[in-house]
Amino acid sequence: YSSLALADQLTGDYAAALDSIDEAINIDGRLGLVSGARLNQKAVIYIATGRKDEAATLLKKAIEINTAEQDVPEIANSYRAMGDLSEAVRNHDEAYGYYLKAYETDRAHGDKRRMALDLERMAELRVASGSFGEAIGLYEKAYIVRLNCKQTPEALTVLSKLIETCQSVGDERKAGFYQKVRDGIIDNPTAGRAGAR
């Protein structure tokens with residue numbers, strides 16, 4: 001049922017997703033279990049459908065459960081969902097703080113792919129709050145992590161955002177440099193790992 005809920009989320013059928021995740025939670029309840037992961041999932045559905053207060057309540061409970069069970073990936077998922085909730089109410093600084101917590105959690109756990117996601121979202125939030133210099137630094141880190149994790153399409157997407165952000169602040173030199181990096185990756189997608197620039 002949890003997997004069905006995820007499939008319905010991906011297709012935008014949030015009513016069906018909510019029915020499925022509720023069924024998964026009910027099955028857990030009959031077994032005497034409470035899953036922080038499923039509470040995270042339900043909260044994400046609530047965020048997508050505008051039920052922000054209910055999402056916040058679920059996420060607070062999910063963080064408590066995930067912390068008690070030392071479920072590090074789900075703790076990070078809770079923070080990401082809290083970040084998305086804060087962004088939904090246009091509190092970009094608070095959202096950034098939650099994504100920073102997710103990043104630190106993922107870094108402590110050694111989950112580089114999620115670290116890249118966190119860095120990218122942090123950069124987007126810095127763009128939204130007008131802190132373009134910070135956003136550029138975060139995009140730079142995100143593209144390097146993505147490329148080193150062999151996520152070439154995602155690295156190219158981050159590079160496009162990085163180039164766009166550099167151009168938005170008039171830094172054509174840096175934008176041109178990263179355009180050459182992007183072109184080089186496209187021309188040779190199997191090239192070695194990226195390093196700090």
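**Basis.** I worked on a predicted model, where local features need pLDDT of at least 70, side-chain atom pairs count only at pLDDT 80 or more, and totals for chains, interfaces and linings use all residues. Residues are numbered from 1 along each chain as its sequence is written, and side-chain values use heavy atoms, with hydrogens and water left out.

**Fold.** I looked up the secondary structure and found ten helices and zero strands in the protein chain. Helices (H or I, at least four residues) and strands (E, at least two) are DSSP runs, numbered from the N terminus. I noted the C-alpha trace as spanning about 60 × 35 × 30 Å along its principal axes.

**Helices 7 and 8.** I took helix 7 (residues 112-128) against helix 8 (residues 132-148): their axes come within 8 Å and cross at roughly 160 degrees. Axes are lines fitted to C-alpha atoms, for helices over the stretch in contact, and angles run from 0 to 180 degrees between N-to-C directions. The angle makes helix 7 roughly antiparallel to helix 8 (over 145 degrees; roughly parallel is under 35, roughly perpendicular 65 to 115, and the rest oblique). I logged the contact (heavy atoms within 4.5 Å) as including L117, L119 and M122 of helix 7 and F132, L138 and Y139 of helix 8. The residues of this contact divide into twelve nonpolar, no polar and eight charged. Ala, Val, Leu, Ile, Met, Phe, Trp, Tyr, Cys and Pro count as nonpolar, Asp, Glu, Lys and Arg as charged, and the others, Gly among them, as polar.

**Helices 1 and 3.** I found the axes of helix 1 and helix 3 within 11 Å, crossing at roughly 25 degrees. The two helices are therefore roughly parallel to each other. S2, A5, L6 and Q9 of helix 1 meet R38, Q41, V44 and I45 of helix 3. I counted four nonpolar, three polar and one charged among the residues of that contact.

**Pocket.** Which residues lie nearest the centre of the largest pocket? I found L6, Q9, N40, Q41 and V44 there, out of 15 lining residues. A pocket is an open set of points on a 1 Å grid over the protein atoms alone, where a 1.4 Å probe fits, with protein on both sides within 12 Å along at least five of seven lines; lining residues have an atom within 4 Å of a point. Helix 1 (2-11), helix 3 (36-48) and helix 5 (72-88) each supply at least two residues of the lining. By class, I recorded seven nonpolar, five polar and three charged lining residues.
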